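Here is a friendly tour of a two-chain model, written for someone who likes to know the cut-offs behind each word. Have the viewer open as you read.

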Amino acid sequence: MTDHILSIIIFLPLFTALVLGIVRAEVRLLKIGSFLSSAVTLMLVAWLTFQFDPHAGMQFVEHAPWIKNMGISYYLGVDFLSLTVLLLITLLMPPLYLYMKHEERKGYWYNMMLLQTGVTGAVLSLDLVLFYLFWETMLLPIFIMIGKYGNGMHQYNAMKIVLMTILGSMSMLFSILYLGYMHYEVTGLWSFALNDLSQIDLNAQTSIYLAAGFLLAFVIKIPLVGFHTWMAPAYGSAPTPAVVIMSSIMAKLGVYGIWRFGFGLFESTLLYYAPVIVVLSLIGLLYYAIRAITEDNLRKMFAYSSGSHLSLIALGLILTNIYAWSGSLYLIATHALASAGIFIMIGLVYKRFKTVHISELGGIASRAPKFTFFFAFFALSIAGLPGTGGFVAELLIIIGAFKVNFWIGFFTATTMLAAMVYVFWMLQRTLFGPDNSSCDFQDLNARELIMLLPLVLMLLVTGIAPSLFTPLFEPQLSLFLSDILHTLGGVK
Amino acid sequence: MIDSAILLQWIVVWPFLSSLLIAVVYLSNTKAKRYTFYTLVGVGTPVVMTIFAFILIFQLSEGAQTIHGTLFKWIEIGDFNISLSFMADRLSAVMISFITFIGTLIHIYAAGYMKDDPAYGKFFAYFNLFMGSMMLLVLADNPIMMFVGWELVGLCSYLLIGFYHQDSANITAANKAFILNRVGDFGFIMAISLLFVAVGSGGFTFDAIAANIGQVSPEMLTLIGFLLFVGAMGKSAQIPLYVWLPDAMAGPTPVSALIHAATMVTAGVYMVARYSFLYVEVPDVGLFIASIGAASALFAAVIASYQSDIKKILAYSTMSQLGYMFIAVGLGAYSAGIFHVFTHAFFKALLFMGAGAVIIALHHEQNIFKMGGLKKHLKVVYITMFIATLAISGIPPFAGFFSKDAILVTAFASEHYVIWGVGTLTAGLTAFYMFRLLFSVFFSKEKASHALVPLPASMTLPLIVLAIGSATAGFLGLNEAYGGNTLINQFLALPDTELHISHASEYLLTGLNVLLALLGMGLAYKLFASEAKEAQPDSLFRSLVINKFYIDEIYTFFIVKPLLLMSHLIAKVIDPKIFDGFINLNVWTYRTSGLLFAKLQNGKVRYYALYILLAVSVMSYYILSKLEMM
């Protein structure tokens with residue numbers, strides 16, 4: 001089993017979905033089946049984490065030829081980076097299924113399982129064609145979730161996210177194919193495996209164009225400022241489970257892509273794009289945060305918030321030093337947890353009030369103290385309060401930025417201020433003040449507490465004792481970093 | 001023998017655990033009345049902490065070296081190696097001993113003050129959380145943990161200011177407090193990061209930084225020192241980040257006493273003293289700190305003289321006294337600054353708690369000009385508040401006299417005469433506005449007609465204890481000129497600047513201060529003792545002062561409004577018109593060209609014949625021109 005554990009983790013949800021679909025399972029069975037599949041994957045990933053050796057490189061590798069004459073292979077593996085994202089995906093699925101408990105539309109459940117397979121596959125693929133396949137696979141369920149089950153102008157918004165994302169995907173596909181062809185040119189053999197392609201020497205000009213192809217896909221996914229207009233409408237229209245996956249996982253895959261493929265394939269060329277990305281990230285950090293202040297729709301507000309934090313993650317990544325990198329990785333994890341928490345809370349607000357507009361809310365604190373506690377906790381962890389994991393991550397990125405130079409450090413540190421303004425004003429109008437609604441607001445029930453508590457605990461543990469997690473990624477991360485710095489040193 | 005390292009760990013961990021316990025019990029059923037449980041856990045915690053703190057300071061005074069206690073390693077990445085560990089040296093031990101002691105008294109007082117509040121449990125959960133955070137701030141042995149405590153006390157302050165959350169105005173005040181504090185923290189975190197980049201490779205505890213501080217260039221040290229002080233401006237309500245403190249009085253009165261008078265707001269002064277190894281290297285920054293302190297002291301005293309809300313007067317008075325402390329630490333008299341923090345904690349906590357008692361007795365009346373004649377009815381409150389007022393006004397031999405005198409003598413002896421002059425003037429004003437408060441509330445004609453609410457013993461007993469403290473705490477710092485040997489300075493052993501001044505001139509300065517204080521007191525007596533009237537905005541100056549120099553309005557106009565405007569600009573113009581505009585332009589082009597091509601393909605044969613003709617002509621022309629060239 002250990003030989004194929006990654007395949008099992010990827011395909012278990014899809015397999016469950018197929019079996020349930022073939023037997024035309026009724027919705028009750030469907031719920032149990034999807035929850036079980038997520039629980040089993042969680043256990044498998046827990047076991048995998050336990051077996052994971054932080055000092056070794058790629059582990060649990062599966063490598064089999066797939067389309068032989070084109071050199072396309074079925075190539076999977078896990079290292080510190082993919083393990084982080086993998087852990088997040090599997091940790092978030094069970095609470096999301098708990099959240100969806102009363103969802104009776106079957107398509108909803110099938111889409112969620114397909115989505116899990118898509119994102120997991122993308123994170124574990126080491127062959128570029130395979131990666132591309134999963135990358136597109138994960139877009140499909142999102143398109144359906146927004147288009148079919150969304151609200152507002154959901155069909156328009158679903159079309160917008162798909163078209164903009166595909167623009168990026170196409171340019172990436174071009175780069176992938178060209179890289180494969182280059183490999184054929186140089187060695188006489190076709191290959192799309194990441195470690196083969198990273199060996200070929202490209203001339204500077206080609207490398208700049210090819211890197212652009214990849215970067216376009218990733219910056220649209222993140223999204224950096226300028227490539228972001230799909231984000232708020234899509235988040236605003238999507239149903240809660242889809243929003244959680246988009247913000248917590250899919251946006252992070254953009255960063256993951258730069259990390260794995262950007263740095264893996266084009267170390268020195270990224271240096272060429274670094275100033276642009278740094279400037280875009282710093283602008284994005286404040287641009288989204290300022291935009292969020294006056295946003296009335298909670299989902300959209302935290303869509304912008306998400307954009308602001310992802311800009312910070314991208315910034316940390318491009319600064320290439322140990323503190324910024326560790327901070328970025330840490331923020332990938334902690335922001336995923338916090339934003340999953342806040343979007344679930346917003347979903348719960350919607351279930352009770354049938355609105356997510358701040359102007360129609362208020363006075364929740366007087367009626368529902370538990371609800372208030374959890375909502376405020378997640379909002380404050382988004383603002384990076386000490387004691388939650390977000391603080392550790394932001395601190396590391398800020399230190400990393402000051403390591404580069406004072407002004408980058410200065411603008412990065414504004415993250416301390418950026419989130420705070422909209423978060424606190426939002427809390428005031430949403431939770432506090434006199435009641436302005438006559439509906440009977442229920443406090444959290446046992447099921448909701450069970451799905452939220454793990455997130456709270458994880459955020460606290462990551463904030464109070466980061467030393468539990470750093471040894472898991474630090475050795476590989478510094479090795480990866482020193483490799484890149486070595487190449488960069490050669491370039492300079 | 002008790003292991004002091006374990007004591008040190010528990011003094012920080014205990015309040016966090018008790019806060020968690022209360023919070024869980026409270027959230028499990030918010031409606032249940034569990035007065036005894038909440039009181040036992042909530043008030044018991046600071047009692048235990050006080051005992052621990054006194055054992056620690058006793059061990060230090062017996063000659064023990066700095067006590068260290070490590071809980072666990074917090075993070076280790078590259079050189080960034082931080083532990084969750086604590087350090088009780090003489091400075092932090094003095095701080096925790098009075099914080100826990102006064103904290104205990106205020107907790108007891110709060111048990112009476114908050115008795116009937118439905119959220120009694122929540123209050124003590126927050127209050128204990130605050131005590132824990134404050135311990136973390138003071139006892140941290142590295143800047144990162146200090147910063148964590150620093151932010152957490154800010155959070156507690158936010159939660160407690162907004163305690164009565166049904167009123168949106170209170171939440172606005174809470175937000176304002178947190179946001180302005182965060183602006184300060186923005187400076188603070190930059191300072192820490194720069195410090196780490198500069199000397200972090202040699203370890204990042206205070207001891208290690210102090211040992212390596214010589215490696216940092218003076219320019220960098222100046223920058224770091226300045227940015228650290230930006231943090232202090234926020235936390236300790238100095239110009240220009242002070243505007244949150246008066247509004248913070250929206251919280252329950254025990255909160256104002258504990259957080260916004262005695263402990264949290266003095267964290268900035270403590271921080272400067274903690275970094276004294278850095279500030280002795282950059283006297284220019286010190287002078288800047290002292291100037292900001294002096295300006296804040298005078299500015300706040302002027303505003304306080306025209307306010308009518310009892311808690312706001314005390315809030316401005318706190319800001320003004322904090323200004324004195326910054327004069328001291330800025331000029332390198334760290335012990336004098338900490339000494340004033342110490343005495344101020346007694347009399348300002350007492351003043352707030354007395355004010356709270358008056359407010360409760362008068363059914364939540366806060367305007368001093370609607371009070372009056374209370375000295376007959378509230379004897380204990382009157383006498384204790386009188387003592388505190390004497391102490392803050394610097395009348396010998398009460399506590400404030402010695403500590404304030406030490407600061408003004410320092411300013412004079414170090415030849416910063418402007419700062420000294422401002423400080424001395426403020427001392428006179430302080431006596432004026434404090435006695436204005438006292439006389440209006442307790443002397444002038446009686447206005448309250450309805451019966452007073454009786455006060456429980458848990459509210460009056462702490463007042464008496466603090467009054468004794470306010471009367472006697474000053475003797476700990478009795479200096480040579482008065483036959484003492486500045487016990488507290490010797491115990492603290494901070495790198496104070498050495499100053500020399502003859503006893504004669506010291507007596508002269510002191511005489512001047514006392515004279516000014518008596519003058520202020522006399523003026524207040526004349527104006528307010530028999531008939532107290534609220535100040536009217538009848539002249540330009542008065543309306544300026546009564547409206548607090550319109551600083552809030554200026555901030556709103558220059559910071560809040562542009563931010564909102566920018567947000568709207570992005571929402572209405574930049575996103576839809578520019579970014580989406582570009583995208584939609586492409587969509588439009590694509591669509592239009594599609595429509596254009598559709599026109600060409602119209603099904604009429606003669607058009608198709610025309611296309612063929614055109615194509616053949618172009619091709620023939622091309623081929624012909626190629627042939628000609630050959």
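## Ground rules

The expected span of a helix is 1.5 Å times one less than its number of residues. Helices (H or I, at least four residues) and strands (E, at least two) are DSSP runs, numbered from the N terminus.

The model is a predicted one, in which local features need pLDDT of at least 70 and side-chain atom pairs count only at pLDDT 80 or more, while totals for chains, interfaces and linings use all residues. Residues are numbered from 1 along each chain as its sequence is written, and chains are lettered from A and ligands numbered from 1 in the order in which they are written.

## Chain B as a whole

Chain B has 24 helices and two strands. Along the principal axes, its C-alpha atoms fill a box of roughly 120 × 60 × 55 Å. Of the 630 residues of chain B, 55% count as buried; a residue is buried if 20 or more other C-beta atoms lie within 10 Å of its own, exposed if 12 or fewer, and partly exposed in between, with C-beta atoms placed from the backbone. Residues are in contact if their C-beta atoms, placed from the backbone, lie within 7 Å. Taking contacts in chain B between residues at least 6 apart in sequence, 81% join residues at least 24 apart.

The domain assignment (bounds come from an automatic or database assignment) gives chain B a domain 1 of 304-318 + 334-546 and a domain 2 of 572-629. The centres of these two domains of chain B, taken over C-alpha atoms, are separated by 86 Å.

## Helix H14 of chain B and its tyrosine

With 21 residues, H14(B) reaches 30 Å from its first C-alpha to its last, close to the 30 Å expected at 1.5 Å a residue. H14(B) is mostly covered, with 21 of its 21 residues buried. Just after this helix, Gly332(B) takes a positive phi of about 85°.

Tyr324(B) is found in H14(B), which runs over residues 310-330. Is Tyr324(B) buried or exposed? Tyr324(B) counts as buried because it has 28 C-beta neighbours inside 10 Å. Leaving out residues up to four places away in sequence, Tyr324(B) touches Gly293(B), Ala297(B), His340(B), Lys404(B), Ile407(B) and Gly423(B). Thr592(B) is 268 residues from Tyr324(B) along the chain, and their C-alpha atoms are separated by 73 Å.

## A covered helix in chain A

Helix H12 of chain A covers residues 298-318; its 21 residues should span 30 Å at 1.5 Å a residue, and its end C-alpha atoms are 30 Å apart, which agrees. H12(A) is mostly covered, as 21 of its 21 residues are buried. Thr320(A) follows H12(A) and has a positive phi, near 40°.

## Where the chains meet

The contact takes 42 residues from chain A and 44 residues from chain B. On the side of chain A that touches chain B, H18(A) gives the largest share, seven residues. By class, that side of chain A has 27 nonpolar, 11 polar and four charged residues. Here Ala, Val, Leu, Ile, Met, Phe, Trp, Tyr, Cys and Pro count as nonpolar, Asp, Glu, Lys and Arg as charged, and the others, Gly among them, as polar.

One helix pair deserves a look. The axes of H11(A) (residues 240-293) and H23(B) (residues 551-600) come within 8 Å and cross at roughly 100°. That makes H11(A) roughly perpendicular to H23(B); angles under 35 degrees count as roughly parallel, over 145 as roughly antiparallel, 65 to 115 as roughly perpendicular and the rest as oblique. Axes are lines fitted to C-alpha atoms, for helices over the stretch in contact, and angles run from 0 to 180 degrees between N-to-C directions. From H11(A), Tyr287(A), Ile290(A), Arg291(A) and Ile293(A) meet Leu563(B), Leu564(B), Met566(B), Ser567(B), Ile570(B) and Ala571(B) of H23(B). The residues of this contact divide into eight nonpolar, one polar and one charged.

## Backbone details worth checking

Most residues other than glycine have a negative phi, and most peptide bonds are trans. A cis peptide bond joins Ile222(A) and Pro223(A), with omega about -15°. The peptide bond from Ile239(B) to Pro240(B) is cis, with omega near 5°.

Lys354(A), not a glycine, has a positive phi near 60°, and with 9 C-beta neighbours inside 10 Å it counts as exposed. Tyr550(B), also not a glycine, has a positive phi of about 55°. Tyr550(B) lies in the loop between H22 (540-546) and H23 of chain B and counts as exposed, with 12 C-beta neighbours inside 10 Å.

Note on methods
Two residues are in contact if their C-beta atoms, placed from the backbone, lie within 7 Å.
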